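This briefing is meant for a reader who is meeting the structure for the first time.

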Amino acid sequence: MQFFLEVLVAGALSGVMYALVAIGFVLIYRASGVFNFAQGSMILFAALTFVNLVERGVPFWLAFGATLLLLIAAAFAIERFVLRPLSNRSVITLFLATLGLSYIFEGLSQIAWGTQVHALDLGISDDPVSVAGLSLSSFDIAATAIAGSLVVILALVTGKTNLGLSLRAVAADPLAALSIGLRLERVTVIAWSLAGFVALVAGLIWGARSGVQFSLSLIVLKALPVLIIGGFTSIGGVIVAGVLVGAGENLAAIYLGPTIGNGVEGWFAYGLALVFLMARPTGLFGQRTWARI
Amino acid sequence: MASLPAPISVAPSEPPRAGAIVLPVAIVAAAIVPFAIGSDYLFGAVLVPILILSLAGLGLNVLTGYAGQLSLGSAAFMAIGAFATYNIHLRVPGFSLLPAIVAGGFVAAAFGVLFGLPSLRVKGFYLIASTLAAQFFVPWLLSQYGWFTNGSASGVITAPPLTLAGFDLDNPAGRYAYTLGIVAVLTVLVRNLIDSPTGRAWMAVRDMDLAAAALGIPLGRAKLLAFAVSSFLLGIAGSLWAFTYLGTVEPAGFDLDRSFQILFVIILGGLGSIRGNFLGAAFVVLLPVALSVIGGAIVGSTLDPALLENAQKIVFGALIIFFLVAEPDGLTKLLGHALRTRSSWIGLTKPRQLEQP
Amino acid sequence: MFSNSPKSFLSLSAAATLVLLAGCQKEASSAQQGGVTAAPGKSQYFPLQSYRVGPYAAGGSGFFGGFIDYMQLINAQGGVNGVPLSWAECETEYDVEKGVECYERLKKSADGSPTAATNPLSVGIAYATLDRSTTDKIPLITINHGRTDSTDGSVFPYVFPLQLNPYSEVSAIFNWIGAKAGGLDKLRGKHIVVLYHGSPYGKETNGVIDTLAARYGVSVDKIEVPHPGNEQQSQWLKIRQINPEWVILRGWGVMNPVALKTARKVGFPADHIIGNIWSNSEEDAAPAGGAAKGFISITTHPSGTSFPVLQQIKAQVIDKGKGNLTDPKRFGTVYYNLGVVNGILNVEAVRVAQAKFGKRPLTGEEVR
């Protein structure tokens, strides 16, 4: 029983880290209706830039700020050269454009910073600690805390400020928002910048967890089912979905693995997403207006 | 999201008779020209993969370009086709390779219907969950159970020698001829299918599904049929990939990157176009080769290969965005423009005289 | 990191080769500019199916960097008995299909120089090009990996597994564990977990492991990590539950540091994890930071920069700005040195063949 609980909780904690990646999608999707496949390579780009700056002796916060500035510059460029020319095009066209973007991000980050694996030490211990009799990873607990505070900050920013109001207005009805004088481009840039910020945080945590290298861009594949289960529009939803996916995946790998085979976690999340989709086509907390038949 | 655009925007489909002359001419040309100038490299590493990717693009285009259902799992159906063919050829007595390839296509079609079932309930973006589930589940299944790979410890299967009616085709030119034959037959079949009521039902589902339903088109049946036909073509493409191109295959070879590659074939070539698949496939295969040759020629051998490879990635990404922005109807439209340069724009009503080479 | 494996299994021990070779090298004649300046058709050509981007770039760029630098060195010293070496690279991203494309593109050199051998450094690509190599009569060299059955030259006459093949590698690890336990007979009843990469490479040894486990009475659990391996939570929770004496890590690329870090997270001691040949580089251990402390791995070629041949490469290639590594700090790392060793073995094969066929560029058939 104790082992079961440990598996459950450890899975749930790593699920929060999937959610951290998925939040970046939600921010962009809500503001510009774009399903941004490049979020994963933005994480790679952010983490590689940060770690290389730090290795060259730049202090932590300066490196953090500089990386963030780069991501904001990228947000401007993306809005200007990709999203604006593609406005009014179908969601699938926009999605495909972000696939192209992810290629560009991957190429750029590896040209600029090379392909080596970098260690990243955030000063968080990764020794196991005992919580209520369960042996858990202190790193995962810290990462969960960071993700949790990020969610609170984002919820405040998008909920209580004028900025948040305009983000939501654009999400609710772009044409109406335009007609009352909201500048769509600005809102888009802000949303992509926020997503860049989330990518940086996610990149640091994932980088500290598994080393900063190319595979960071593949985390996006773990975030997709989380997003589908949680709904594309709800930050709270993806957190819950992340926990579900993380815990379910871990349990499946431990308890289903021996009977049906190793490596179940490669597809389990997608199977789960499919089941949820059949039951609730708009995701757990997604808006109900999404097209269904 | 208050209002959503139509699920997908596509080129106005090619006028039905446009290819009536072009297609046979192209097939004849493809059957003659390469043998006059061909080298092993041209056959083995350029033409055969272009043909196979064209067929795969054709399969995805049926589903995405014509029936409007987005799929990110094309490679999974290729894998099913390849491994079904392998096992049928291996285990069922009396099946030579060609019937086994066709049978493999039918197995892939069955799986296509299975993974297409969610399309009856969800559509648009959420449907990618189903095809992605296929994408991750199928290679796992194939590598997990030794039976599929006939007990090969590492999950890699080896193709049987390629023969047809007693002829030994186990050389680059032979492989090309074999591939060309299959691809040509299937292309003609698909073209006629698109031109039939079935094809028109698909396009109706794509362009306005509610109206299509109101017109009495059975939506569910049309979608599942599109999944079946698409997967059948992808399955055969997968078999050819394994047996006439690589000569060997592992489940991991049919990964998400392959699915993206096929998606790029149809984006760059043109959604809802038959000719576009061939243009797109040629582009996808030749661009990396061309870039590395040009890059090497400009900078010489001192060029860092990693730099070259990453530059290639950037160029690829930028081109995809460029095409989506500037020419969403793809290379096929560009080619159309090029062919029309001297005549004025007449529109699509008299395509026959315009499309002649 | 230290290496500790029975010498008997390392008949081609790289360290020995390095020393031996350094001894028989003549003084440098420095005239050579760049890689290839020989007359067309007069060099010995190596097609390189390298990978410098993608998830396994760290391994690929180190290995091929070392290989190329060594060939630069040989050219700087006047080639192999006067025959210069040439090469061309093609990026595979560790992807089988690209590997085949590269094989076809590169198998013939641009200037007509004969091809010596291919070295794909990928089990998948090696499989895919196996039949082609035999048809084209180009030796296929697999260093520290490849099919166990290829060691028997009669099955695949053009395939050469260098140093360790999977079988000898696994038995080396078993012998080492046996030695730790006080003899192979003491292994009975012990529990070992094999954590392997979910790829042809990773699965290659599973059969051998079962055989050896049955022979020594060891109970073995084999746990797969799906490619690329950046998430191993459940695997290590399971390992902790099984609580084996040893974990054999058959990793590749990012799977290795993640394995070490995750082991630390669940509290499994690193000094009971044994890395195989492909889990033993600086790139594998360093990103794991403190979690790698005590990690054991077997190797055929120590890392370090003090070997004479590496000093020569430094003096004659790298210090002249001809080095292949983008990051000079990686000089002397395990993958780099493996590349150098691979270069040495390839070049020595050419040298041996030249002794038989004369001092000229040789065809693949002759190199064999």
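Two residues are taken to be in contact if their C-beta atoms, placed from the backbone, lie within 7 Å. The model described here is a predicted one. On that understanding of contact, 43 residues of chain A are in contact with 40 residues of chain B.

**Where chain A meets chain B**

- On the side of chain A that touches chain B, helix 4 (91-113), helix 9 (220-230) and helix 11 (268-279) of chain A each supply at least two residues.
- Helix 4 of chain A gives the largest share of that side, with 15 residues.
- Sorted by class, the residues of the side of chain A that touches chain B are 27 nonpolar, 12 polar and 4 charged.

**Where chain C meets chain A**

- The contact between these two chains takes 33 residues from chain C and 34 residues from chain A.
- Helix 2 (57-76), strand 6 (219-225), helix 8 and helix 9 (255-266) of chain C each supply at least two residues of the side of chain C that touches chain A.
- The largest share of this side of chain C, 6 residues, comes from helix 9 of chain C.
- The side of chain C that touches chain A holds 15 nonpolar, 10 polar and 8 charged residues.

**The make-up of chain A**

- Chain A has 11 helices and 2 strands, and reading along its sequence gives the pattern α-α-α-α-β-β-α-α-α-α-α-α-α.
- The radius of gyration of chain A is 19 Å, close to the 19 Å that the globule rule gives for 293 residues, so chain A is as compact as a globular protein of that length.
- Along its principal axes, the C-alpha trace of chain A spans about 60 × 55 × 35 Å.
- Of the 293 residues in chain A, 59% are buried.
- Among the contacts in chain A with a separation of 6 or more, 75% are accounted for by residues 24 or more positions apart.

**The make-up of chains B and C**

- Chain B has a secondary structure of 14 helices and 4 strands, and buried residues make up 54% of its 357 residues.
- For contacts in chain B between residues at least 6 apart in sequence, 77% join residues at least 24 apart.
- Chain C has 13 helices and 9 strands, and 65% of the 368 residues in chain C are buried.
- In chain C, residues 24 or more positions apart account for 73% of the contacts with a separation of 6 or more.

- Helix 1 (residues 2-32) of chain A packs with helix 8 (residues 233-242) of chain C at an angle of about 160 degrees, and their axes are 10 Å apart.
- Because angles over 145 degrees count as roughly antiparallel, helix 1 of chain A is roughly antiparallel to helix 8 of chain C.
- The crossing in which helix 1 of chain A passes helix 8 of chain C is right-handed.
- Helix 1 of chain A makes this contact through A:Phe3, A:Glu6, A:Val7, A:Ala10, A:Gly11 and A:Ser14, while helix 8 of chain C contributes C:Gln233, C:Leu237 and C:Gln241.
- The residues of this contact divide into 4 nonpolar, 4 polar and 1 charged.

**A helix pair within chain B**

- Helix 3 of chain B and helix 9 (residues 219-246) of chain B pack with their axes 6 Å apart, at an angle of about 60 degrees, and the two helices are therefore oblique to each other.
- Helix 3 of chain B passes helix 9 of chain B in a right-handed crossing.
- Residues of helix 3 of chain B that take part include B:Phe77, B:Met78 and B:Ala82, and those of helix 9 of chain B include B:Leu234, B:Gly238 and B:Trp241.
- By class, this contact has 11 nonpolar, 7 polar and no charged residues.

**One residue of that pair, B:Ala82**

- B:Ala82 lies in helix 3 (residues 74-91) of chain B.
- B:Ala82 counts as buried because it has 31 C-beta neighbours inside 10 Å, where 20 or more are needed.
- Leaving aside its neighbours within four places in sequence, B:Ala82 is in contact with B:Gly238, B:Ser239, B:Trp241, B:Ala242 and B:Val249.
- From C-alpha to C-alpha, B:Ala82 and B:Thr198 are 27 Å apart in space, and they are 116 residues apart in sequence.

Notes:
Residues numbered from 1 in each chain as written. Chains lettered and ligands numbered in written order. Predicted model: local features only at pLDDT ≥ 70, side-chain atom pairs only at ≥ 80, totals over all residues. Nonpolar A, V, L, I, M, F, W, Y, C, P; charged D, E, K, R; others polar. Rg over C-alpha atoms; globule rule 2.2 N^0.38 Å. Buried ≥ 20, exposed ≤ 12 C-beta atoms within 10 Å, placed from the backbone. Axes fitted to C-alpha atoms, helices over the stretch in contact; angles between N-to-C directions. Parallel < 35°, antiparallel > 145°, perpendicular 65-115°, else oblique. Left-handed = near helix turned anticlockwise from the far one by under 90°.
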